[in-house]
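Here is a guided walk through one protein structure. Keep the sequence and the 3D view side by side as you read.

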Amino acid sequence: MQRCDYLLSQLDVLEAESIHIIREVAAEFERPVLLFSGGKDSIVMLRLAQKAFRPAPIPFPVMHVDTGHNFPEVIEYRDRRVAELGLRLVVASVQDSIDQGRVVEETGRRASRNRLQTTTLLDAIEEHRFDAAFGGARRDEEKARAKERVVSFRDEFGQWDPKNQRPELWNLYNTRIRQGEHVRVFPLSNWTELDIWDYIRREELELPPIYFAHTRRVFERDGMLLADLPYANRGEDEPAFEAVVRYRTVGDASCTGAVKSTAATLDTVIEEIAATRITERGQTRADDRSSEAAMEDRKKEGYF
């Protein structure tokens, strides 16, 4: 009898697991949505969703929680990619939440709209009656996300309670919820930043150019390089200068830092990531530097 041995690579195993999760959620929930910011993790997640249902189209919309403080290159990529795939894009605007009095904009030098996204996200989930939201979080990013389940339960207030999460044995996921509750789903939970970049190279995925080395006008604050943009609230004691930088992660431009880098190709970026010992959020997100519990506190309020 002929015997065949099938050897899967690390990326093949991760891809198969993620596709299984996406299909499971699409089958079990009525109104799933994929959170798509135009960042590298959501780009990978979108490719996995394509593979999960091809040759059929992706059967759910994508949503971006838009702070209004974005990198223009990322928004251009987001709109173009959504149009290429023929997807329905839901834009939940933080500015609309401010105008409607749902949130109050922060003031001061370190003001950011990043925390305000929570209310905007929960309002959009309620308005569109989404019962499952795919997110691109990974467990290697920081401690609060390491506690996260793949299918993460949120109560009727959109809050995350780490003590009220369901057990996940092997690849069995509890998808039962009551009216008004929802789940966040993280198909990339077991991926690392290096896995993401390796997959982008293998799949030949296009990325916004800010992920690669370029010259940008920046200023230094708390040891981070922030883009010199109108809403960055640069002080007179924070001189702007030009530097060759790239971004490891994409978020609200007012609190997302760049890193000095000459890595201008996929191969050189991967070499750089393989050598680093600092997580992308620890190195580039001002909102996560305030304390080790910063992300966990926001998650309990309903954050991503």
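Predicted model: local features only at pLDDT ≥ 70, side-chain atom pairs only at ≥ 80, totals over all residues.

Residues are numbered from 1 along each chain as its sequence is written, and side-chain values use heavy atoms, with hydrogens and water left out.

Start with the whole. The protein chain has 10 helices and 10 strands. These elements are DSSP runs, numbered from the N terminus: helices are H or I runs of at least four residues, and strands are E runs of at least two. The radius of gyration of the chain, taken over C-alpha atoms, is 19 Å. The globule rule (2.2 Å times the number of residues to the power 0.38) also gives 19 Å for 304 residues, so the chain is as compact as a globular protein of that length. Along its principal axes, the C-alpha trace spans about 75 × 50 × 35 Å.

Of the 304 residues, 54% are buried. Buried means under 20% relative accessible area, exposed means over 50%, and partly exposed lies in between (1.4 Å probe, protein chains only). A contact means heavy atoms within 4.5 Å. Among contacts between residues at least 6 apart in sequence, 74% join residues at least 24 apart. The chain exposes about 14,900 Å², and carbon and sulfur atoms supply 49% of that area. Accessible areas come from the Shrake-Rupley method with a 1.4 Å probe; for residues, only the protein chains shown count as cover.

Charges come next. Lys and Arg count as positive, Asp and Glu as negative; His and the chain ends are not counted. Each charge is placed at NZ of Lys, CZ of Arg, CG of Asp or CD of Glu. The chain has 45 positive and 54 negative charges, and their mean positions are 2 Å apart.

How many aromatic pairs does a search of the whole structure find? The search finds six. Rings of Phe, Tyr and Trp (its six-membered ring) pair if their centres lie within 6.5 Å; planes under 30 degrees apart count as stacked, over 60 as edge-to-face and the rest as tilted. Trp 191 is buried, at 1% relative accessible area. Tyr 199 is buried too, at 0%.

Another pair joins Trp 197 and Phe 212. Their ring centres are 6.1 Å apart and their planes are at 75 degrees, so the pair is edge-to-face. This pair links distant parts of the chain: Trp 197 sits in helix H7 (residues 193–203), Phe 212 in the loop between H7 and strand S7 (214–221), 15 residues apart. Trp 197 is buried, with a relative accessible area of 0%. Phe 212 also counts as buried, at 16%. Elsewhere, ring pairs link Phe 53, Phe 60 and Phe 134 into a cluster.

Stay with H7. Is this helix enclosed or open? Eight of its 11 residues are buried, so H7 is largely enclosed by the rest of the structure. Among the buried ones are Asp 195, Trp 197, Asp 198 and Tyr 199. Glu 204 follows H7 and has a positive phi, near 55 degrees, although Glu 204 is not a glycine. Glu 204 lies in the loop between H7 and S7. It is exposed, at 70% relative accessible area.Arg 129 has a positive phi as well, about 60 degrees, and is not a glycine. Its place is in the loop between helix H5 (117–128) and strand S4 (132–134). At 55% relative accessibility, Arg 129 counts as exposed. A cis peptide bond joins Arg 54 and Pro 55, with omega about 10 degrees. Pro 55 is in the loop between helix H2 (40–53) and strand S2 (62–66).

End with Met 224, found in strand S8 (residues 224–227). Met 224 counts as buried, at 3% relative accessibility. Met 224 and Cys 255 are 31 residues apart in sequence and 9.3 Å apart in space, C-alpha to C-alpha.
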